[in-house]
Amino acid sequence: MKNPVGWFEIYVDDIKRAQKFYETVFQLALTELLSPTPEEPLQMLAFPSDMKEFGCSGALVYMEGFKSGANSTIVYFSCADCKVEEDRVVGANGTIFKPKMAIGEYGFVSLVVDTEGNMIGLHSLK
């Protein structure tokens, strides 16, 4: 059986502000994707990916008429130690909802809120 998630999108109201948040917290560079439908243009910035590695990638998306925040799905980003990324959140203008906590044999998680009001998870084994 394959992993159930093949792609994710995080909808944002201000794509440049969201880009700065995610690039700061995760110390990476997002790349622009072309809108898949010219008649309904989207602004999309993709997270780095390697198709030969475990997991999936996704993008920040701005689409007129789709409000960001509080849409009841949480994407968890893998980290070596989620406290490291958690420590960057406030400096990137986000907030910490639940600081690093143990989840038993599955490691640790932090729940944080980005600049657009989206809650995301940080997960690590240590």
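This is a predicted model: local features need pLDDT of at least 70, side-chain atom pairs count only at pLDDT 80 or more; totals for chains, interfaces and linings use all residues.
Two strands are said to pair if DSSP finds at least two bridges between them.

Strand 7 covers residues 108-113, and five of its six residues are buried, so that the strand is mostly covered. On one side of the pairing stands strand 6, made up of residues 95-102, which runs antiparallel to strand 7 and is joined to it by five bridges. Within this pair, K98 stands opposite L111 of strand 7. The two strands form a hairpin with five residues between them, and in this hairpin G104 takes a positive phi near 65°.

Strand 7 also pairs with strand 8, which spans residues 119-124, and here six bridges hold an antiparallel arrangement. In this second pair, V113 is found opposite M119 of strand 8. Strand 7 and strand 8 likewise make a hairpin with five residues between the strands, and G117, which lies in the turn, has a positive phi of about 90°.

Why does N118 count as buried? Buried means under 20% relative accessible area, and N118 counts as buried because its relative accessibility is 5%. The side chain of N118 reaches the backbone oxygen of Y11 at 2.9 Å. Leaving aside residues up to four places away in sequence, N118 touches I10, Y11 and V12, then S68, G69 and N71, and also V112 and V113. Of these, V113 is the residue that stands opposite M119 in strand 8.

Terms used. Residues are numbered from 1 along each chain as its sequence is written. Side-chain values use heavy atoms; hydrogens and water are left out. Buried means under 20% relative accessible area, exposed over 50%, partly exposed in between (1.4 Å probe, protein chains only). Helices (H or I, at least four residues) and strands (E, at least two) are DSSP runs, numbered from the N terminus. A polar contact is a pair of N or O atoms within 3.5 Å; within protein, one must be able to donate a hydrogen and the other to accept it, and residues adjacent in sequence count only if both atoms are side-chain atoms. Contact means heavy atoms within 4.5 Å.
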